[in-house]
Amino acid sequence: MQDILNLLNDYDWQQLLLHWGSRILIALAIFVVGRWVGKLLGRLIRNVVGKAGMDNLLAGFLGKLVSVAITAVALIAALDQVGVNTTSLVAVLGAAGLAIGLALQGSLSNFASSIMIMIFKPFRVGDFVDAGGTSGTIQEIGMFHTRLTTTDNQLIIVPNSAIMGGNIINYTINDTRRINETIGISYGDDPAKARELLFRIIRDDDRILSEPDPIVWLNQFGDSSVNLVIRCWTKTEDYWQTRADLLEAIKKAFDEHGISIPFPQRVIHQYSHSVD
């Protein structure tokens with residue numbers, strides 16, 4: 001026992017405290033400064049991304065991601081300063097990250113797709129879209145899925161990877177939308193008279209825009225009808241009602257002026273042969 005006490009008395013405690021105390025203080029300084037820098041850069045990125053017009057959810061996530069990443073680097077550097085073997089620690093963390101990434105491959109794909117949606121903004125909340133194999137009005141854009149409400153008020157949850165992996169048709173993102181209709185008339189009717197009636201119906205509807213100019217032309221000689229094409233523009237919010245009223249007005253005007261809208265028909269010729 002006395003030998004142990006003599007050994008401890010002979011040990012240079014001042015040198016030990018000076019050596020390890022300085023390293024611990026430097027490690028604490030590295031961690032504190034790194035954490036402060038991480039929070040500062042995270043806040044800066046949130047502000048920059050937010051001012052760029054991107055989604056607040058994406059801005060907050062990117063800011064948090066940068067803050068956590070810098071804090072983690074500062075922690076590893078601090079541990080290395082006090083003599084911890086960080087090489088093996090980084091390897092273990094890397095292996096764990098790889099395993100987690102493989103296990104959550106589908107979720108990470110949805111998460112990456114949500115970031116693409118928030119950056120490129122192919123649609124917004126309230127838009128009516130055809131995406132991910134379904135159609136509906138966007139209710140919520142989440143980090144892993146998007147919620148849509150169909151025209152018959154059903155809620156559909158679509159994975160973001162399915163949306164970004166296919167075509168996206170946004171019907172309401174623009175202020176105006178074109179009405180495209182093909183109207184068939186009988187071969188015995190006058191196409192010029194039909195065109196005049198169609199132009200008159202279009203001009204009488206205030207919801208149909210004068211610019212771009214409405215177009216009515218003879219498009220095709222069909223099997224059972226002469227087909228006229230209508231191209232006119234209206235505001236997006238008026239599209240469906242304007243289209244329905246336009247078709248109803250065309251049917252009424254054609255009936256009043258004796259222009260028929262033929263249905264598909266087939267003419268059969270029968271020949272008789274006498275046998276001598």
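Glu140 is partly exposed, with 39% relative accessible area; here buried means under 20% relative accessible area, exposed over 50% and partly exposed in between, with a 1.4 Å probe and protein chains only. The model is predicted, and local features need pLDDT of at least 70, side-chain atom pairs count only at pLDDT 80 or more, and totals for chains, interfaces and linings use all residues. Residues are numbered from 1 along each chain as its sequence is written, and side-chain values use heavy atoms, with hydrogens and water left out.

**Overall make-up**

The protein has eight helices and eight strands. Helices (H or I, at least four residues) and strands (E, at least two) are DSSP runs, numbered from the N terminus. Of the 276 residues, 25% are buried. Among contacts with a separation of 6 or more, 64% join residues 24 or more positions apart, a contact being heavy atoms within 4.5 Å.

**The sheet**

Strands of a sheet pair through backbone hydrogen bonds, either parallel or antiparallel. In this model, five strands make an open sheet in the order 4-3-2-1-5, with antiparallel pairing. Its edges are strand 4 (155-159) and strand 5 (169-170), each of which pairs on one side only. Two strands count as paired if DSSP finds at least two bridges between them. Strand 1 (residues 128-131) and strand 2 (residues 134-141) are joined by four bridges in the antiparallel sense. Asp130 has Ser135, in strand 2, as its bridge partner.

**Backbone exceptions**

Most residues other than glycine have a negative phi, and most peptide bonds are trans. Lys121, which is not a glycine, has a positive phi of about 50°. Lys121 sits in the loop between helix 5 (105-120) and strand 1, and is partly exposed at 37% relative accessibility. Asn153 also is not a glycine and has a positive phi, of about 65°. The loop between strand 3 (145-149) and strand 4 holds Asn153, which is exposed at 63% relative accessibility. The peptide bond from Glu211 to Pro212 is cis, with omega near -5°. Pro212 belongs to the loop between helix 7 (191-204) and strand 7 (215-221).

**Salt bridges**

Side chains of opposite charge can pair when their charged atoms come close. The structure holds seven salt bridges, each defined as a side-chain nitrogen of Lys or Arg within 4 Å of a carboxyl oxygen of Asp or Glu. The table gives some of them.

| Pair | N to O distance |
|---|---|
| Arg147 and Glu140 | 3.3 Å |
| Arg243 and Glu181 | 2.5 Å |
| Asp245 and Arg207 | 2.8 Å |

Arg147 is partly exposed, at 26% relative accessible area. In the salt bridge of Arg243 with Glu181, Arg243 lies in helix 8 (residues 239-256) and Glu181 in strand 6 (residues 176-185), so the pair ties together parts 62 residues apart in sequence. Glu181 is buried at 12% relative accessibility, whereas Arg243 is partly exposed at 26% relative accessible area.

The salt bridge between Asp245 and Arg207 links distant parts of the chain, with Asp245 in helix 8 and Arg207 in the loop between helix 7 and strand 7, 38 residues apart. Asp245 is partly exposed at 25% relative accessible area, and Arg207 is partly exposed at 27%.
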